[in-house]
Amino acid sequence: AVSFRHDHHQTRSSPEIMGCCSWRTVGVLLLVIVALLAAVVQYLKDNSDARHEMFAGLCSHMNKKSNPEMTKLRCSLLNSNDVVGNVLEIGPGPGPNFVCFQGNKGITSWVGVEPNIFFNSYIEPKMAAASFPTTLHNASAEQMSGIPDASIDTVISTHVLCSVEDPNAAISEILRVLKPGGRFLFLEHVSAEANSWLRSLQHTLEPAWRIMGDGCEFRDVAELVQTHKTVVASGAAVSVTSFDAPMPLFLIKPHVIGNVKK
């Protein structure tokens, strides 16, 4: 008699093998991408000039493709009724706010204080095309020694207080250079609501974000301004509104818009 032995061992089908290999491939690719990103972040951390230059180019590119709703929002803050006289803009970057100054005959002069020299080539053509005198200082907002006390009618800050090294020193300087009755107008992205998942995510990503964003952090700008000792001591009138900005990146949707009258 002939006996037959049935082998119960089953080999994997081709689709199963291909699926396994596909997932392994995806995993390897993800590891490679993460490693490359880590290398880029480390390089930018170690090379400040490369970081500043990359950030200037990125900001210029993003502003060329600026969301019309964000431009409208900025220009609603920088209206011709409030932006008057001698204007100081801290961190003007590539100059996206110049579009808001068009037709404003109340501006006597404009001074920009920008620490990143790689923005100069982007903003200088806009300065040259302005209908009022313009000057650019490559300095920090924390040390504006070139700006005399009580010489400025309007100070502007849009997406800047997130990245100054010492925001308290910057606010002190802003109040110093403002004339009595002058205004400080600001539009800033901020940290999300306390104890929210978004705030936790912001703070988790902040070390890498700080490098890629050239010093940018997620801060509670409203509290910084409202509780600042110089603001409180001067008796300045402060108005701040929190809202979600029409921006595609959810990490920076939380915003504040504010007006401080000295």
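Analyst: A salt bridge is a side-chain nitrogen of Lys or Arg within 4 Å of a carboxyl oxygen of Asp or Glu. The model is predicted, and it holds 8 salt bridges.

User: Why is the contact of Asp82 and Arg183 called a salt bridge?

Analyst: The N to O distance is 3.5 Å. The cut-off is within 4 Å, so the pair qualifies.

User: What makes this a link between distant parts of the chain?

Analyst: Asp82 sits in the loop between α3 (68-77) and β1 (85-90). Arg183 belongs to strand β5 (residues 178-189). They are 101 residues apart.

User: Is Asp82 buried or exposed, and how do you know?

Analyst: Its relative accessible area is 18%. Buried means under 20%, so Asp82 is buried. Arg183 has 24%, so this residue is partly exposed.

User: How do you know that Arg176 forms a salt bridge with Asp149?

Analyst: Their closest N and O atoms are 2.4 Å apart. That is within 4 Å, so the label holds. Arg176 lies in helix α6 (residues 167-177), and Asp149 in the loop between β3 (134-137) and β4 (152-158). The pair therefore ties together parts 27 residues apart in sequence.

User: Why is Asp149 called exposed?

Analyst: Exposed means over 50%, and Asp149 has a relative accessible area of 53%, so the term applies. Arg176, at 25%, counts as partly exposed.

User: What makes Arg210 and Glu217 a salt bridge?

Analyst: The closest N and O atoms are 2.9 Å apart, within 4 Å, so the pair counts. Salt bridges that share partners join Glu206, Arg210, Glu217 and Arg219 into one network.

Notes: Residues are numbered from 1 along each chain as its sequence is written. This is a predicted model: local features need pLDDT of at least 70, side-chain atom pairs count only at pLDDT 80 or more; totals for chains, interfaces and linings use all residues. Side-chain values use heavy atoms; hydrogens and water are left out. Helices (H or I, at least four residues) and strands (E, at least two) are DSSP runs, numbered from the N terminus. Buried means under 20% relative accessible area, exposed over 50%, partly exposed in between (1.4 Å probe, protein chains only).
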